[in-house]
Amino acid sequence: MQPRNMSMSGVVDLAAVKAAGEAKAKAEQARAEAARQASQGGGTAPAAGAVPPSALVIDVDEAGFERDVLQLSAEVPVVLDFWAEWCQPCKQLSPLLERLTVEANGRLVLAKVDVDANQMLMQQFQIQGIPAVFAVVAGQVLPLFQGVAPEQQIRETLAQLVQVAEERFGIIGIEVDPNAEGAAEAAPAEAPAGPHDALLEAAVVALDAGDLGGAVQAYKNVLADDPGNTEAKLGLAQAELLARVQHMNPQQVRTAAAENPRDPAAQIAAADLDLVGGHVEDAFGRLVDTVKVTFGDDRDAVRLRLLELFEVIGADDPRVTAARTALARVLF
């Protein structure tokens with residue numbers, strides 16, 4: 001089982017992923033802290049970072065791949081299950097992987113990737129058929145197997161993965177607290193998550209007052225505590241877009257874009273105006289076309305802006321789905 005560096009160009013930026021040495025240092029720190037607590041006879045209270053068993057199986061998409069897989073892989077091996085609703089073998093394999101992941105009790109996390117909704121990831125991993133199973137450890141990819149394998153073989157593969165993660169990278173996994181599951185279920189669904197409601201309301205008030213900088217900061221404050229907050233992510237994307245176009249001269253921007261079809265900055269600015277004006281497909285098409293004719297850092301800047309505009313519209317919008325497919329064809 002040999003790891004290889006995962007280049008996610010076209011999907012994510014690996015710069016945010018901790019190096020294996022940092023992961024090892026963190027694991028050793030965790031061991032030392034656990035030993036210290038044990039020596040002090042610290043009762044049965046779970047560690048502050050403990051998660052319920054349900055958190056060991058997650059759904060991931062392109063937008064959250066860096067946070068939910070690459071960054072997490074510095075703490076625990078992340079197994080990737082590429083599947084689709086129409087795939088019958090997937091319906092046999094996925095429940096088995098879920099069960100074995102929960103049994104591993106924090107030594108693994110299972111990340112499920114719907115290939116129909118995440119074609120860029122499927123292309124990037126060069127998947128020819130599903131189900132396909134990979135692992136990511138400290139930002140590096142380990143191909144595991146394709147198709148449905150016998151349970152004993154899968155158990156052995158996962159055990160080897162855990163061993164590689166610990167011996168080669170010092171990654172020992174995350175702590176699981178079964179009691180946290182009951183607490184989460186007992187909590188009322190409408191319970192506010194700390195101060196987020198107030199912060200979100202502050203962002204809306206700032207937007208209404210035309211204070212785009214204040215709105216951006218308020219949404220960032222929410223996301224600092226709760227990176228997965230959908231309302232804050234959408235609000236931040238919209239506020240940042242409005243802030244970018246606030247002082248633009250539309251005529252100058254469109255003239256520059258028409259005269260410089262290969263200039264990424266000119267096309268990005270025009271795409272922002274397109275989107276604010278409600279011309280969603282024009283904005284997406286403009287940036288996809290610009291990706292075709294740019295390279296290196298210029299291409300990456302255009303791609304990243306396109307992903308930001310996807311956030312403004314929302315992942316479930318069919319125009320976003322179509323644009324993702326078009327972008328994948330250009331990149332791969």
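**Reading a predicted model**

Tutor: Ser73 has a relative accessible area of 0% and is therefore buried, where buried means under 20% relative accessible area, exposed over 50% and partly exposed in between, with a 1.4 Å probe and protein chains only. This is a predicted model, in which local features need pLDDT of at least 70 and side-chain atom pairs count only at pLDDT 80 or more, whereas totals for chains, interfaces and linings use all residues. Residues are numbered from 1 along each chain as its sequence is written, and side-chain values use heavy atoms, with hydrogens and water left out.

Student: Where is Ser73 found, and which residues does Ser73 touch?

Tutor: Ser73 lies in the loop between helix 2 (65–71) and strand 3 (78–83); helices (H or I, at least four residues) and strands (E, at least two) are DSSP runs, numbered from the N terminus. A contact means heavy atoms within 4.5 Å, and, leaving aside residues up to four places away in sequence, Ser73 touches Val78, Val136, Val137, Ala138, Gly139 and Ile171.

Student: How many helices and strands are there in the protein chain, and what percentage of its residues count as buried?

Tutor: The protein chain has 14 helices and six strands, and 43% of its 332 residues count as buried. Of the contacts with a separation of 6 or more, 72% are between residues 24 or more positions apart.

Student: How should I read the packing of helix 3 and helix 5, and at what angle do their axes cross?

Tutor: Axes are lines fitted to C-alpha atoms, for helices over the stretch in contact, and angles run from 0 to 180 degrees between N-to-C directions. Angles under 35 degrees count as roughly parallel, over 145 as roughly antiparallel, 65 to 115 as roughly perpendicular and the rest as oblique. The axes of helix 3 (residues 88–103) and helix 5 (residues 151–169) come within 11 Å and cross at roughly 45°, so the two helices are oblique to each other. On the helix 3 side the contact is made by Leu93, Leu96, Leu97, Arg99, Leu100 and Glu103, and on the helix 5 side by Glu151, Ile154, Arg155 and Leu158.

Student: Are helix 12 and helix 14 roughly parallel or roughly antiparallel to each other?

Tutor: Helix 12 (residues 280–292) and helix 14 (residues 318–331) pack at an angle of about 10°, with their axes 9 Å apart, and are therefore roughly parallel. Among the residues that make this contact are Phe284 and Val288 of helix 12 and Ala323 and Leu327 of helix 14.

Student: What is the phi of Asn105, and what is that of Ala138?

Tutor: Most residues other than glycine have a negative phi, and most peptide bonds are trans. Phi of Asn105 is near 55°, a positive value in a residue other than glycine, and Ala138 has a positive phi of about 50° although it is not a glycine.

Student: Which residues does a cis peptide bond join?

Tutor: The cis peptide bond joins Ile130 and Pro131, with omega about 0°, and Pro131 is found in the loop between helix 4 (119–124) and strand 5 (132–137).
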